[in-house]
Every structure is written in C-alpha cells, then in structure tokens.
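Please look over the sequence and the model before reading on.

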Amino acid sequence: MARAGLAGAVRVARWADSALGPGRDAATADGKATLSAATAGRAAADLGLTPEQIRADWDTARLAGLVEVHGGSARPGWRLRAWDRDDSAVLRGWVALFDAWSLALPEPEGHEPAVVAEAVSAMPQVLSFLQLSAGPVPVEQLLDLLQQRVTELRTERCEVSYDPGTEPPVEAAAEPAEAPDASPGSLAPLLGWALDALATVGALTCGAGQATLTPLGSWAVWVKLEQICVAAQSPAGNIEQSAEDMLRGCAQLRPNAARAEYRAWLAARTVGSAVSELIDAARGEDALLRGLAFEALRVVGAPAEPDVRAVVDEPALRPYALLWLAEHDGLDPEDAHEVLTREEATWLWVDTAAAVADHGEAPMLVRHLESAVQPTVPRLLDEVRAVGHPRTVQVLVALAAAHPDPALAKAVRRAAFQVHTGG
C-alpha cells in the first residue's frame with residue numbers, strides 16, 4: 001500500500017534525478033522548494049501528466065523524504081536510493097508523509113491560527129480512538145472527541161497553581177480573556193479538513209458520515225502508540241541524555257536490557273539525529289562507547305545504512321562499520337568477522353582490548369587474548385605493533401600487568417617498550 005500510494009511521488013523524484021543535475025536547470029525557482037513553471041511543464045511533457053499532477057507529486061516526494069531541497073536545488077533522498085531493495089525505507093517514507101498530513105491540503109479559511117493548531121494537536125487522540133475502534137466511527141462521535149480534547153488542551157494551558165487556603169494572585173483572579181470558540185459548530189470544518197487531509201495521504205477513508213483507518217493508517221498509528229509505550233518504559237531512565245551519556249549508562253546493563261534502553265532512546269528522537277549522535281559518540285576516544293554505539297545502530301537497522309557506509313573509510317570506525325554492514329546484509333554474526341582483513345581484525349582486537357582495559361577487570365583482559373586471530377602470542381605482538389592503533393602501548397602494558405605467566409608478561413612488556421620508543 002505504501003509503494004502504491006507513493007508511486008507518483010517516486011516517478012517524479014526519479015525523473016528529477018535523471019533530468020536535472022549539476023549544470024542543468026534548477027528544480028526550483030523561488031528557493032522554497034516549489035517547482036518552477038518551466039520545470040513542471042517539462043516533467044509533465046516527459047511523463048504524460050499535467051503540471052498540476054507534477055506539482056502534487058513533487059510536494060508528496062518532498063514530504064516523504066524522496067527528494068531533499070536545499071535552497072533552489074534538489075537532490076535525491078536516501079529513501080529514493082533504497083526504494084527498490086528496502087521495504088523499511090518505503091514505510092518510513094510513508095510515515096513521514098503521514099506525520100505531515102496537515103500540509104497535504106490548505107487549511108480552511110476563517111479560523112484563527114491558534115484554533116487550527118489546537119485541532120492539529122488534538123488529532124493524535126482522534127486517530128488513536130479510530131485505531132482502537134478497529135472499524136468505522138461516526139464523524140459526529142469524532143467531533144465530540146475533538147471538542148473534548150481541545151477543551152483539555154486549553155485547561156492544561158490555563159492552569160494556575162497556588163497554595164490551598166490562599167487567594168489566587170491578582171493576575172489569576174482577573175477576568176480571563178475570551179477564549180476562541182471551541183463549539184462543535186466551529187470545530188466541524190477543522191475536523192472535516194483534517195479527515196480529508198488524512199484521506200489524501202492514504203491514512204483513512206471517509207463516507208456516509210463515518211471515518212475508517214486504512215490498514216496502512218492503522219499500522220502507522222499502532223507504531224506511534226508503541227513508540228510512546230517503549231519510551232515510557234526506559235529501564236535505566238536515559239531517554240533525555242545525550243548519546244554518549246546514554247551509552248555510558250548502558251555499559252553495565254545486560255544485553256537485553258541495553259537493547260531495550262536503546263529502543264526507548266531512539267523512540268524519543270528522529271532517526272537522522274539519533275544516528276548522527278551515535279556515530280559522533282563512536283568517533284570519541286572511549287573504545288567502549290564505540291562498540292556500544294554500533295550495538296545501538298543495530299537496533300536502528302536499515303535507516304542507519306547510509307550513515308554507516310559513509311564512515312567505512314574512517315580507520316577508527318571501519319571494522320565496526322564493516323561488521324555492521326555484513327550483518328545487515330544477512331551474514332550470520334558469528335561469521336561476520338570474515339569480512340575483515342587480518343589488519344582490520346587486529347585493529348579491532350586492540351580497540352576492544354582498550355575498552356576492557358579502561359572498564360573491565362584483569363581476568364577479562366587475559367581472556368580477550370584468546371580471541372585474537374593470530375595463532376601465537378609472538379605473532380599477535382608483531383601484528384599489533386604493525387597495525388598502529390593509538391592505544392597499543394596502554395593495551396600491552398595493561399595486558400602485561402594482568403597476565404599470570406611471567407614469561408609472556410615479559411614479552412608483552414618488551415613489545416610495549418618497543419612501540420613506545422619506535423623500535
């Protein structure tokens with residue numbers, strides 16, 4: 001359903017991608033992402049549509065993230081690139097359109113902007129009621145619900161708290177300004193506009209005085225409700241923290257609890273900003289946060305793929321990114337390490353050892369020695385010295401101090417000294 005509903009937008013976006021480009025005519029004329037008349041006419045002629053259809057599909061493509069407009073130029077969004085191979089990109093594109101339903105149709109005239117904003121703010125409750133009803137609901141019933149919710153919003157805004165037994169402040173006791181009309185008669189046109197706009201994006205159908213969510217609309221509302229529930233169940237209470245602080249808070253959690261925390265943190269943010277925060281945290285000096293950041297990116301899934309691919313050439317992130325991409329492409333996590341070269345695997349071993357040295361215990365560091373791909377300790381030390389990890393000296397010193405075998409500890413200390421002196 002999402003592919004069918006966005007087919008026209010995809011067609012126009014792909015036309016723009018192939019017909020417009022650097023050195024050619026700009027896609028927009030006014031710097032506000034509206035198609036110029038010449039470009040709309042050209043697209044209409046090429047695609048066999050009217051300019052009006054082109055403009056409507058272009059607006060849908062913008063709202064769904066199929067095209068990104070910067071000033072007077074446009075470029076394909078990542079969802080357009082992933083359209084044919086990634087169903088989640090399609091669904092997220094439709095959800096972006098669903099979230100922007102209030103822009104699908106012009107709002108009715110003659111209403112104060114504040115009243116329109118209240119109606120828009122109240123619509124999530126109306127949609128939740130439609131979803132829970134799982135069938136047609138009379139529009140009159142929805143109008144009653146809308147009026148009730150608007151009244152609640154106004155009451156919440158106008159609450160004045162003061163100690164019991166005392167007179168309210170003068171300002172609170174004064175006659176309040178006359179509130180905008182919230183009667184059913186005044187809200188009915190706004191509800192009609194909202195239902196028509198939601199029908200335009202494919203979220204519901206209206207007829208015979210009733211409204212019904214489409215399967216796609218019902219799914220989208222369910223996802224929104226699930227996100228609210230997940231965010232409310234943050235086990236460690238890190239939702240409001242930055243990515244770095246959230247990851248530090250998850251460091252001592254068991255894997256399942258950490259993943260629940262990642263999901264709660266992600267549910268409270270847009271995907272793009274969350275992924276950017278996680279990758280920035282991975283670029284820091286703390287190797288533990290690097291590993292945890294990519295665990296959180298595994299929870300994000302497909303929407304993180306473009307950003308992960310973009311950091312493959314960064315030495316500090318490359319092994320993590322390659323493993324993430326291998327697992328994303330369907331490789332068993334136990335076999336994913338096979339995509340790494342010997343040097344990349346060694347770099348990752350040192351980085352993980354640095355995390356253990358900073359945050360773990362000595363026995364854990366000794367056990368980590370067994371995970372090296374090299375068959376012998378001398379071979380491992382040679383390759384560790386060659387790989388050039390910035391924490392090599394600290395890792396080797398910590399390993400020498402932790403290992404119970406005096407001969408092996410001496411060899412490791414010698415290697416640390418040679419790296420330190422450049423030998």
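## Exposure cut-off

A residue is called exposed when its relative accessible area is over 50%, and buried when that area is under 20%. The model discussed here is predicted.

## Overall make-up

The protein chain has 423 residues, and 40% of them count as buried. Its secondary structure comprises 22 helices and 5 strands.

## Positive phi at Ala134

Most residues other than glycine have a negative phi. Ala134 has a positive phi, near 55 degrees. The residue sits in the loop that runs between α7 (113–133) and β3 (137–138).

Is Ala134 buried or exposed? Its relative accessibility is 70%, so Ala134 counts as exposed, the cut-off being over 50%.

## Positive phi at Ala208

Which phi does Ala208 adopt? The value is near 55 degrees, which is positive although Ala208 is a residue other than glycine. Ala208 belongs to the loop between β4 (204–207) and β5 (210–213).

Ala208 counts as exposed because its relative accessibility is 82%. To sum up the two sites, Ala134 lies in a loop between a helix, α7, and a strand, β3, whereas Ala208 lies in a loop between two strands, β4 and β5.

Conventions: Residues numbered from 1 in each chain as written. Predicted model: local features only at pLDDT ≥ 70, side-chain atom pairs only at ≥ 80, totals over all residues. Heavy atoms only, no water. Helix = DSSP H or I, 4+ residues; strand = E, 2+ residues; numbered from the N terminus. Buried < 20%, exposed > 50% of the residue type's maximum accessible area, 1.4 Å probe, protein only.
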